[in-house]
Amino acid sequence: QPILKNTKQLTLALLKPDICANAALPPKIFEAIKSRNLDIVKQRQVLWKEEDAGTFYAEHKGKFFYQRLCGYMTSGPFQALILSSPNAIKEWRALIGPTHPVRARINQPDTLRALYGLTDTRNSFHGSDSDETAKNEIGLFFPEFDVDAWHKEQQ
Ligand code: RTP
Ligand code: MG
């Protein structure tokens, strides 16, 4: 029996509230996702309470931008996406670009944060940074989604 290796990776992407507040923007983002050959496996609209932001951004508690980060992320509905491709984590992070939009505009002007990001904190997008965080973050937004079962189904 041949061993079929699953070559696909999952990542968790967020289109933050500023993107979702402007109806003209999400279609442009979905176009960019498509042209980067990232598949949308699942998609959900989310509205966070303060405590949800606190859970997701626990590692940033105490930093100078923490309060404004939580205020931003609870300011309105946003979109959570599970994306897949052979190299989904790096592909999505490459597409969104550097954390800080002002730097992105100088160094990587074609990235989504360069194009749409507003400030260092209001930077419009999130992407998981490893397989482990992707699995945890997918679990937070899509508790019904079984990451391991999905990988098995791909084989
Ligand atoms: P993310 O986790 O959202 O993909 O972004 P990241 O790794 O590029 O950035 P990280 O350092 O993990 O920060 C998480 C989010 O906090 C906000 N932030 N504001 N100097 C600031 O004002 C500042 N630095 C970070 C951003 O919304 C960032 O995505
Ligand atoms: Mg991060």
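Analyst: The cover over the buried residues of α8 includes β1 (9–15), β3 (78–85), α5 (88–96) and α9 (147–153). Contact requires C-beta atoms, placed from the backbone, within 7 Å; helices (H or I, at least four residues) and strands (E, at least two) are DSSP runs numbered from the N terminus. This is a predicted model, in which local features need pLDDT of at least 70, side-chain atom pairs count only at pLDDT 80 or more, and totals for chains, interfaces and linings use all residues. Residues are numbered from 1 along each chain as its sequence is written, while chains are lettered from A and ligands numbered from 1 in the order in which they are written.

User: Which residues of helix α8 are buried?

Analyst: A residue is buried if 20 or more other C-beta atoms, placed from the backbone, lie within 10 Å of its own. In α8 (residues 131–141), Ala 134, Glu 137 and Ile 138 are buried. Viewed down the axis of α8, the buried residues fall within an arc of 105 degrees (directions from the axis to the C-beta atoms), so they line one face of the helix.

User: Why do residues three or four places apart point the same way?

Analyst: An α-helix has 3.6 residues a turn, so residues at that spacing point the same way.

User: How many helices and strands does the protein have?

Analyst: The protein has nine helices and four strands, in the sequence pattern β-α-α-β-α-α-β-α-α-α-β-α-α. Buried residues make up 30% of its 155 residues.

How values were computed. Buried ≥ 20, exposed ≤ 12 C-beta atoms within 10 Å, placed from the backbone. Contact = placed C-beta atoms within 7 Å.
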